[in-house]
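Subject: Structure handover

Hello,

Here is the structure we talked about. Please open it alongside this note, which goes through what was found.

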Amino acid sequence: MRLHIVKFMLKCHSSFQSNSVRHKTTSAQYVASRARDATFEKLMDKYKNLLKVIAVQDLILANPANNPPAASLDFLSRLSQNLHLNRGAASFLRKYPHIFYIFYDPIKSQPFCRLTDAVIDICHQEAVAINASLPDVVDRLVRLLSMSTTKSLPLRAIFKVWRELGLPDDFEDSVISQNSHLFRLYAAHEPNTHVLELVDKMCSNKFKAAVENWRLIECCKEDSTVDRTEIRFSFRHSYPPGMRLSKDFKAKVKEWQKLPYVGPYEELVEQRNLKAAIMRLEKRAVSIVHEFLSLTVEKMVEVEKISHFRKSFGIDLNIRDLFLDHPGMFYLSTKGKRHTVFLREAYERGCLIETSPVYDIRRKLFDLVLLGRCGTVSNKQKSVEISQGESCLQEENNQ
């Protein structure tokens, strides 16, 4: 009975919105009413095309039958809807000649698509960079497991964010199997489900959250005017340009900043005071998703993906609403038919402040996406092959 009461109160609780407002608005209305940030919206408007390019790229690389890897346009066309290629695969591929190369295979009598040499080189560079950073990758995975209440996570949830965390394609072999002193993989009670467990459950005590490092830096600045008692439990806040902050809103934020909480790597302790427990659970949930985003390569992730960790992290709140309730820390974008959350403090003018070798290489692919058709070198033979491929595809579509 007590558990049901806690869950009911958690659903009704909100840090920055009154109960009357939240009850009168649907989830869709709550998302639509958020303060927009033009910088993040412009970034996501371009980034959504990169996600489509990566999806097609993965399909091509997953076909080992061809050397170099290639996929037929007929195959990609059948997956156009799943890939959100609104105008079809052929139209999408033609938009990025620096990434995709369409050619006609006379033996198989159909057009195919492969990656350009520049993209193949970027893929190789990324793999090398990830392998060179394996110690950081291991540390990242240990930290992720340490935030779980059981120090374990479903393997399928990790598969959802392997790219965001900068894990190698074969991380089961190159990371998990090669570090048996840290990780244990076993079959769960559910069919076809495996669980990754942290062997040394006490190692999480040595970790410091990213927000704690920020607090330390703020306090140690020469010209620091920060009150150490106030910043002890605070998070960094910045708001979208033009967002109006009422006195009531500012007061609630200031009050929330002072609330003590359990950090992402600390063990939960049951609270006798129910109201205090709810407040601590919400702030701990914020600290967990803040740390989760800090562990990602690009400080961003789809909300649907992070929701797979909600139960393991002990978060009994709606993840999306959590991001919306704290606009000074997170920005939620709905571009590209997906909800994507950014860690606001990690970006400045739409650019990541602190990059990594893996991010820098991924940025090269993003630059090719932004380049589009610009700077394409004309080649007679290439033009003939593309023309043949497109004509063949058109004939098949007409049939």
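Helices (H or I, at least four residues) and strands (E, at least two) are DSSP runs, numbered from the N terminus. This is a predicted model: local features need pLDDT of at least 70, side-chain atom pairs count only at pLDDT 80 or more, and totals for chains, interfaces and linings use all residues. Residues are numbered from 1 along each chain as its sequence is written, and side-chain values use heavy atoms, with hydrogens and water left out.

Two loop residues first. Ser 109 sits in the loop between strand E2 (100-105) and strand E3 (110-115). Its phi is near 55°, a positive value in a residue other than glycine. Ser 109 is partly exposed because its relative accessible area is 42%. On that scale, buried means under 20% relative accessible area, exposed means over 50%, and partly exposed is in between (1.4 Å probe, protein chains only).

His 84 also has a positive phi, of about 60°, and is not a glycine. This residue lies in the loop between H5 and helix H6 (89-94). At 30% relative accessibility, His 84 counts as partly exposed.

Now helix H5 itself, residues 73-78, which holds Phe 75. Phe 75 has 29% relative accessibility, so it counts as partly exposed. Phe 75 and Leu 59 are 16 residues apart in sequence, and their C-alpha atoms are 9.7 Å apart in space.

Pro 69 is in the loop between helix H4 (38-61) and strand E1 (70-72). With a relative accessible area of 22%, Pro 69 is partly exposed.

Helix H8 covers residues 134-146, 13 residues in total. From first C-alpha to last, H8 reaches 18 Å, close to the 18 Å expected at 1.5 Å a residue. The expected span is 1.5 Å times one less than the number of residues. Buried residues in H8 include Val 137, Val 138, Arg 140 and Leu 141. Val 142, Arg 143, Leu 144, Leu 145 and Ser 146 are buried too.

Last, helix H10 (residues 171-176). Glu 172 lies in this helix. Glu 172 is partly exposed, because its relative accessibility is 32%.

Best wishes
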